[in-house]
Amino acid sequence: MKVSIVIPVYNAEKYLRKAVASALTQDFTDWELILVDDGSRDGSGALCDELAVSDSRIRVFHTPNGGVTAARSFGVAQACGEWIAFVDADDTLLPSALIAMLAKSGDCDIVIGNKQIVTRSGATDEVMNAADAQLAPGDFLADLITNRVSQFITGRMFRRSLFEGGTIRIPRELVMAEDFIMNVQLGNKARRVALITDLVYGYYVY
């Protein structure tokens, strides 16, 4: 298994089908999709089970509500892939996302692409990575702090080996900075980080 896509799901019944469809329509097909139902109170849990029937690569887990970081960490613990990609349940992967990131991964442990911001009025490309580049961990962390690299945990892939020795644990109370902290923790363990110009992620603003 090459890539494990992890989607934490909490009360996302309205959007989840689109997120799952974006995995099913990837140009690259050697993946598994892990849906972690984080104690949803709507019909998300049942929808996860329904969607899993459509493709054997979809695996579903139901957990008590613990927050998005706990759901992501649980998903990583179940993953079989060499690489981990996180997708939020109301967002999407662009069709060539996995193949583009794998093609430019080289000996890097993190690959970060550009994203497309989708609003009711249309889509806008956010091109934070103006050129393909590889960064040492210190340079990546410096760019992360100064916001020259996106601080979101989505729109990128991580080698699963970065999570060895225990999944990332972040206090649930830190709901505003959890992506940034997770990037710092994983970036500290990476050998190198690849920035690529390809659009890989659809970030939806509803």
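Contact means heavy atoms within 4.5 Å. That term runs through this report.

## Basis

This is a predicted model, in which local features need pLDDT of at least 70, side-chain atom pairs count only at pLDDT 80 or more, and totals for chains, interfaces and linings use all residues. Residues are numbered from 1 along each chain as its sequence is written, and side-chain values use heavy atoms, with hydrogens and water left out.

Ile 7 touches Leu 16, Ala 19, Leu 33, Ile 34, Leu 35, Val 36, Val 87, Asp 88 and Ala 89, leaving out residues up to four places away in sequence. A second, separate core has 25 residues, including Ile 34, Leu 135, Leu 186 and Ala 190. A nonpolar core is a set of buried Ala, Val, Leu, Ile, Met, Phe, Trp, Tyr and Cys residues joined through side-chain atoms within 4.5 Å. Buried means under 20% relative accessible area, exposed over 50%, and partly exposed in between (1.4 Å probe, protein chains only).

The largest nonpolar core holds 33 residues. Val 3, Ile 5, Ile 7, Leu 16, Leu 33 and Leu 98 touch the most other members. Among the elements that give it two or more residues are strand E1 (3-9), helix H1 (16-24), strand E2 (31-38) and helix H2 (44-52). Helices (H or I, at least four residues) and strands (E, at least two) are DSSP runs, numbered from the N terminus.

## Helix H2

The buried residues of H2 are Ser 44, Gly 45, Leu 47, Cys 48 and Leu 51. They sit on the same side of H2, because they cover an arc of only 160° around the axis. The arc is that of the directions from the helix axis to the C-beta atoms. These buried residues pack against E1, H1, E2 and strand E3 (58-63).

Glu 32 is found in strand E2. It counts as buried, at 3% relative accessibility. Among the residues that Glu 32 touches are Arg 57, Arg 59 and Gln 78.

Phe 61 lies in strand E3. Its C-alpha atom is 6.3 Å from that of Leu 35, 26 residues apart along the chain. Beyond neighbours within four places in sequence, Phe 61 is in contact with Ile 34, Leu 35, Val 36, Asp 37, Phe 74 and Gln 78.
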